Amino acid sequence: MTENLLLAFGLTLFAGLATGIGSLLAFFTSHTNTKFLSVTLGFSAGVMIYVSMVEIFVKAKVALVDSLGVVPGNWLTVGGFFGGMLLIASIDKFIPKQSNPHELKTVEDMNQPGTIDGKKPDLLKMGTFTALAIGIHNFPEGIATFTSALQDPALGIAIAVAIAIHNIPEGIAVSVPVYFATGDKKKAFKLSFLSGLSEPIGALVAYLFLMPFLNDIMFGIIFAAVAGIMVFISLDELLPAAKRYDETHLSIYGLIAGMAVMALSLLLFI
């Protein structure tokens, strides 16, 4: 149990701090590489959709059917799935569009007038609010990674990888506006890096408050909701953003590659 706890916390920390990787990537270029964005966003969507529908949803259904029976188990699985979609859709709705981490940012978008003494306060505000928005998004993802790793370490690794890939462009969304607002790469990296800490905080909350109630039913509901959240993010944000910069079907190639990599990783852990 102790080993599983350490692994669960470690995976959650890894997934959350992937925002720092996105921050570093943003500093290597002064122009948006649309081909790179198209492939990576498609790849991230492929990972999320595959692991959600092939692994997470199925495990949720098995757990709930075994615990509650065929009819109530299936109904609760579907309810949890669409409940997760409703949750993330509600969060997106109440976050201003310019601060929404799912609204793709580019370097060119940040080069806009309004500089005061070499700084752009509006961009700094955008980056700060984006970091806060990412924190709100990542909190339930941290709970999901932690609880899944406790029940099934292999599934926990798969979810952590999917979320980590998803967090990389979110790190870019924080660091780019902060950097262009302040000209300070360290500050941009720090804010981007810290925005991912809500995931291990989510894991800590799960450990302190959910552990006494963690059973097959709770796991099943959480898994079903996580599958819904990840599919919604992929279909509503990642794929449309990838297609926006697509030139030669690169987003679809990235999607297929993401599915293939996740399928291979799951096979290796059988």
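Colleague: Which residues does the UniProt annotation "binding site" cover, and what makes them gather at one spot?

Modeller: According to the unreviewed UniProt entry, the "binding site" annotation covers N138, E141, N167, E170 and E199. In this predicted model they span 62 residues in sequence, yet no two of their C-alpha atoms are more than 13.6 Å apart, so they gather at one spot. From this set, E141 is taken in by the lining of the second largest cavity.

Colleague: How many aromatic pairs are found in the whole structure, and why is the pair of F9 and F146 called tilted?

Modeller: A search of the whole structure finds 6 aromatic pairs. For F9 and F146 the centres are 4.8 Å apart, with 50° between the planes; since planes under 30 degrees apart count as stacked and over 60 as edge-to-face, with the rest tilted, the 50° angle makes this pair tilted. F9 lies in helix α1 (residues 2–16) and F146 in helix α6 (residues 121–151), so the pair ties together parts that are 137 residues apart in sequence. Ring pairs also link F9, F146 and Y207 into a cluster.

Colleague: How do F9 and F146 stand in terms of accessibility?

Modeller: F9 has a relative accessible area of 26%, and because this lies between the cut-offs of 20% and 50%, F9 is partly exposed. F146, at 0% relative accessibility, counts as buried.

Colleague: What makes the pair of F57 and F81 edge-to-face?

Modeller: The ring centres of F57 and F81 lie 5.5 Å apart and the planes stand at 90°, which is over 60 degrees, so the pair is edge-to-face. This pair links distant parts of the chain, with F57 in helix α3 (residues 34–68) and F81 in helix α4, 24 residues apart. Both F57 and F81 are buried.

Colleague: Where does T77 lie, and how do you know whether T77 is buried or exposed?

Modeller: T77 lies in helix α4 (residues 70–93), and because its relative accessible area of 1% is under 20%, T77 is buried. Leaving aside neighbours within four places in sequence, T77 is in contact with F57, A60, K61, L64 and A224.

Colleague: How far does helix α7 reach from its first C-alpha to its last, and where does α7 bend?

Modeller: Helix α7 (residues 153–182) has 30 residues and reaches 41 Å, close to the 44 Å expected at 1.5 Å a residue. The bend is about 25° at I168, and a proline, P169, follows within four residues. After α7 comes G183, whose phi is positive, near 75°.

Colleague: What makes α7 mostly covered?

Modeller: Of the 30 residues of α7, 24 are buried, and the helix is mostly covered. Residues 154–179 are among the ranges that the unreviewed UniProt entry annotates as "transmembrane region", and over residues 154–179 the chain is 100% helix and 0% strand.

Conventions
Residues numbered from 1 in each chain as written. Predicted model: local features only at pLDDT ≥ 70, side-chain atom pairs only at ≥ 80, totals over all residues. Heavy atoms only, no water. UniProt positions renumbered as here; feature names shortened; annotations may be inferred. Helix = DSSP H or I, 4+ residues; strand = E, 2+ residues; numbered from the N terminus. Buried < 20%, exposed > 50% of the residue type's maximum accessible area, 1.4 Å probe, protein only. Contact = heavy atoms within 4.5 Å. Phe/Tyr/Trp six-rings, centres within 6.5 Å; stacked < 30°, edge-to-face > 60°. Expected span 1.5 Å × (residues − 1). Bend = angle between axes of the 7 residues up to and from the residue. 1 Å grid on protein atoms, 1.4 Å probe; cavity = no way out; pocket = protein on both sides within 12 Å on 5 of 7 lines; lining within 4 Å.
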